[in-house]
Amino acid sequence: MSKNYRILDLLRRGRTPLENHLIDGLVDGRISRREFVRHGSLLGLSLPLLGRIGMAAGFGAAPSLARAGAPGATIRVGSSVPAAAIDPVTIADAGGLLVMQQVAEFLCVDSPDLVLKPALAESWSPNTDGTVWTFKLRKGVKFHSGGEMKADDVVASIDRLADPANSSNALSVFTGILQKGASKKVDDYTVEFHLDAPNGNFPYMLSSDNYNAVIIPASYKGGYEQSFDGTGPFKIEKYTPKVGASFVRNDDYWGEKALPDRTEFTFFTDIQPQILALQGGQIDIINQMPVLAGVAVLNDPNVDIISLKSSAHQQLHMHCDEGPTKDARVRRAIALCLDREKLAAGLMKGRSALGNDSPFAAVYPSTDTSVPQRKQDIAQAKQLMEAAGLAQGFKMTLTTERYLEIPEYAQLIQNWVKEIGIELELNILDQSAYYGDAVFGKSNWLDSAMGITDYGHRGVPNVYLAAPLKSDGTWNAAHFKNKDYDQLATSYIAALDLEAQKADAGKIQKLLLEETPVIFGYFYDYLTATAKGVAGVQPTAMSQLFLDKASKG
């Protein structure tokens, strides 16, 4: 299709310089339609407007949504057991957040394509430097307890998470970005967020990407399991700790009413009983299906697999301040031992994307795809070991957690590095022993000279860039301290413009290939299994499950 400049000029009117620069990037071909829609949604442009701009720029209409299924079903889900009491402030496990998310909603939702979609907020926009973001709230939204959701509820919900005194799980997102008291009510339906520093990706911090950031009443004082009060399309029917939960349609919901009459969640301590329950017809959905444990299900003709590309990965950190890995040449040599194609095809059964030793996964529009992919090169690895004075190799312990495919990944690394004379002893711990207190000096994760750690999906790389890699990062297990890196990460996080983000991303990717404090071998797909005939199920790679459009054939 040809470009319609008359309509483009009309659509540009009233747009900010930043928004018009993004439109220029699409029209000139510097950015793709996917990048345009994703970044436009981040800046608060509505999806219909983005669609109209795309058509005027010659890209044709966006694909229409699938037809809704039949109403009235009971949808049955298998899930992991919530690890602790369900509380929006402290919840940190997949089972708990899945239950909470059935009743409580976010200001916006990070969809599988990383496009931000409005939920309790209708729109949002930054000031000129990205230090203040203004969110306009949807009117007429009611909590299950009856009151209308307003700005006071939003301010109180986010303040709870940003307050260090509450030990919120979301402090990993908000520390250094948003403080308690920096969320300001403008009027009943407008909230301003005054940030500690410019942040071009901030709306993701208030989306489903930050799973604690659900909006609950300002009056909340704890004991969430007694009320399960939220604004969502389902209301709690019954919750039995360690056993399961059930929900019913909320007929006072602000949006389209949910298709299912009921949803039922059964908690399982292991994946194999979930697989048997799905194959035996006792449940309709397994929320997350690990690749290795679920090989039989991946090839079962009676099961459909929903596969989402994600940024989830297993970080292999190496101490940069002591021992043989203090030398960056040794760290690069270890990275060159990995056969990433074999990891993706063999270990992950084709359900992953190659990692290139930085947090910039293929799913991110800001990733610089021109940076060459690191590949296995044993000859070069041996040269690096010799240059570092370690041609004879050395012994070292690799400490990690018993989770998903990590033990098998550790064994592969152990075998590969033998080729350059490195003897790795594996120390594989259960998760509680591995993470310990999750602070330096009291954690096998943060204190091990070499370790592998699971990192869940994020819609933007900000947390990955800061917590494990910045000099003052709270999760800097590699003890990596590099001023140039710190400045680049700060610059990337501050950038509002996609092309500026890409420029910083390329520099970060090249720097991390040179330094290699952390090996990113692959980014794994998030898999959800459903029985044949179950449709309209929308998982996210953050372990959420949206069931309002679910049906059974």
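Predicted model: local features only at pLDDT ≥ 70, side-chain atom pairs only at ≥ 80, totals over all residues.
1. The cut-off for buried is under 20%. Ile-215 belongs to a loop, the one between β7 (190–194) and β8 (234–240).

2. Which residues does Ile-215 touch, leaving out those up to four places away in sequence? They are Glu-105, Leu-107, Leu-120, Phe-143, Met-149, Asp-153, Val-154, Ser-157 and Ile-158. Look at Asp-153 in particular. Along the chain, Asp-153 and Ile-215 are 62 residues apart. Their C-alpha atoms are separated by 6.8 Å.

3. Next, helix α5 (residues 94–101). This helix is mostly covered, with seven of its eight residues buried. The buried ones are Gly-95, Gly-96, Leu-97, Leu-98, Val-99, Met-100 and Gln-101. What covers them? The cover includes the strands β1 (74–80), β8, β9 (244–249), β10 (262–268) and β22 (545–546). Find β8 again here: the loop that holds Ile-215 lies between β7 and β8.

4. Now a pair of helices. The axes of α1 (residues 5–12) and α4 (residues 47–56) come within 9 Å. They cross at roughly 150°. Angles over 145 degrees count as roughly antiparallel. The two helices are therefore roughly antiparallel to each other. The crossing of α1 past α4 is left-handed.

5. Which residues make the contact between α1 and α4? From α1 come Ile-7, Leu-8 and Leu-11. From α4 come Leu-49, Arg-52, Ile-53 and Ala-56. Six residues of this contact are nonpolar, none is polar and one is charged. As background, an α-helix has 3.6 residues a turn, so residues three or four places apart point the same way.

6. Then the sheet. Six strands form an open sheet in the order β14-β18-β13-β17-β15-β16, and the pairing is mixed. At the edges are β14 (352–354) and β16 (422–429), each pairing on one side only. Ignoring direction, neighbouring strands are turned by 25° against each other on average.

7. Strands β15 (residues 394–401) and β17 (residues 450–455) run parallel and are joined by two bridges. Which residue of β17 stands opposite Thr-400? That residue is Ile-452. In general, strands of a sheet pair through backbone hydrogen bonds, either parallel or antiparallel.

8. Last, a helix on the sheet. Helix α11 (residues 340–347) lies across β14 and β18 (518–524). Its direction is at about 35° to β18. Of these two strands, β14 is an edge strand.

Notes:
Residues numbered from 1 in each chain as written. Heavy atoms only, no water. Axes fitted to C-alpha atoms, helices over the stretch in contact; angles between N-to-C directions. Helix = DSSP H or I, 4+ residues; strand = E, 2+ residues; numbered from the N terminus. Parallel < 35°, antiparallel > 145°, perpendicular 65-115°, else oblique. Left-handed = near helix turned anticlockwise from the far one by under 90°. Contact = heavy atoms within 4.5 Å. Nonpolar A, V, L, I, M, F, W, Y, C, P; charged D, E, K, R; others polar. Pairing = 2+ DSSP bridges. Buried < 20%, exposed > 50% of the residue type's maximum accessible area, 1.4 Å probe, protein only.
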